[in-house]
Amino acid sequence: MLTVKRAFELLAPFKENGDWRIVRVDIANANIAVQPTNQVDETISATVDTMIQLAAQVWGVTPQNITSHRRPMMYVWPRMAVCKALLEIAGLSDNASAKFIKRCRTGVSYLANQANTALATDRDFKRLYEKFERLVKEHVYKCRKDEIEWQSGEH
């Protein structure tokens, strides 16, 4: 049984750090579940980092090349693919995407539009993008499945 005294003892470490929020209080077992308040941003940031890693793997460049401002096509193609995937697969807005890949909002939209154009005209880009898209969908849907399983059931 969770008493008031025990609740204060459990919450004391989180009182000092205001970045946590209480998710669940289990009175029967005297447990309190907390999580960081900015967990959504951390999850999105991890997803963006994974997308950049996957694009770097598919195109054979480093992640730093993708996020740099250099313009060789071997760096621009994976950058275009990441922007398109963020908007269409991950479902982020252009503002949110821009925040995570250090570009302006219009730059993200422009890169996604250029990716659509390249898909229609360039076979090499299309082949690599389809491989990248398959990998990204596997990752994103796996993460969402884990999230759904965590939310279902008895807690």
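These legends describe close-up views of one predicted model.

Residues are numbered from 1 along each chain as its sequence is written, and side-chain values use heavy atoms, with hydrogens and water left out. Local features need pLDDT of at least 70 and side-chain atom pairs count only at pLDDT 80 or more, while totals for chains, interfaces and linings use all residues.

**View 1. The protein chain holds 7 helices and 2 strands.** Helices (H or I, at least four residues) and strands (E, at least two) are DSSP runs, numbered from the N terminus. Along the sequence, the pattern is α-β-β-α-α-α-α-α-α. The protein chain has 155 residues, and 34% of them are buried. Buried means under 20% relative accessible area (1.4 Å probe, protein chains only).

**View 2. I66 sits in helix α3 (residues 63-67).** I66 is buried, with a relative accessible area of 3%. I66 touches I52, A55, A56, V61, Y75, P78, R79 and R103, leaving aside residues up to four places away in sequence. Contact means heavy atoms within 4.5 Å. I66 and A56 are 10 residues apart in sequence, and their C-alpha atoms are 7.2 Å apart in space.

**View 3. Helix α5 packs against α6 at an angle of about 100°.** Their axes are 8 Å apart. That makes α5 roughly perpendicular to α6 (65 to 115 degrees). Axes are lines fitted to C-alpha atoms, for helices over the stretch in contact, and angles run from 0 to 180 degrees between N-to-C directions. From α5, D94, N95, S97, A98 and I101 meet R105, V108 and S109 in α6. The residues of this contact divide into 3 nonpolar, 3 polar and 2 charged. Ala, Val, Leu, Ile, Met, Phe, Trp, Tyr, Cys and Pro count as nonpolar, Asp, Glu, Lys and Arg as charged, and the others, Gly among them, as polar.

**View 4. Helix α5 (residues 94-101) has buried residues, and K102 follows the helix.** S97, A98, F100 and I101 are buried in α5. Just after α5, K102 takes a positive phi of about 60°.

**View 5. The second largest pocket has a volume of about 180 Å³.** A pocket is an open set of points on a 1 Å grid over the protein atoms alone, where a 1.4 Å probe fits, with protein on both sides within 12 Å along at least five of seven lines; lining residues have an atom within 4 Å of a point. The lining is H69, R70, R71, V76, R79, R103, G107, Y110 and L111. Helix α6 (105-121) gives the largest share, 3 residues. The lining divides into 3 nonpolar, 2 polar and 4 charged residues.

Terms used:
Points joined across faces, edges and corners; volume = space filled by probe spheres on them. Buried < 20%, exposed > 50% of the residue type's maximum accessible area, 1.4 Å probe, protein only. Parallel < 35°, antiparallel > 145°, perpendicular 65-115°, else oblique.
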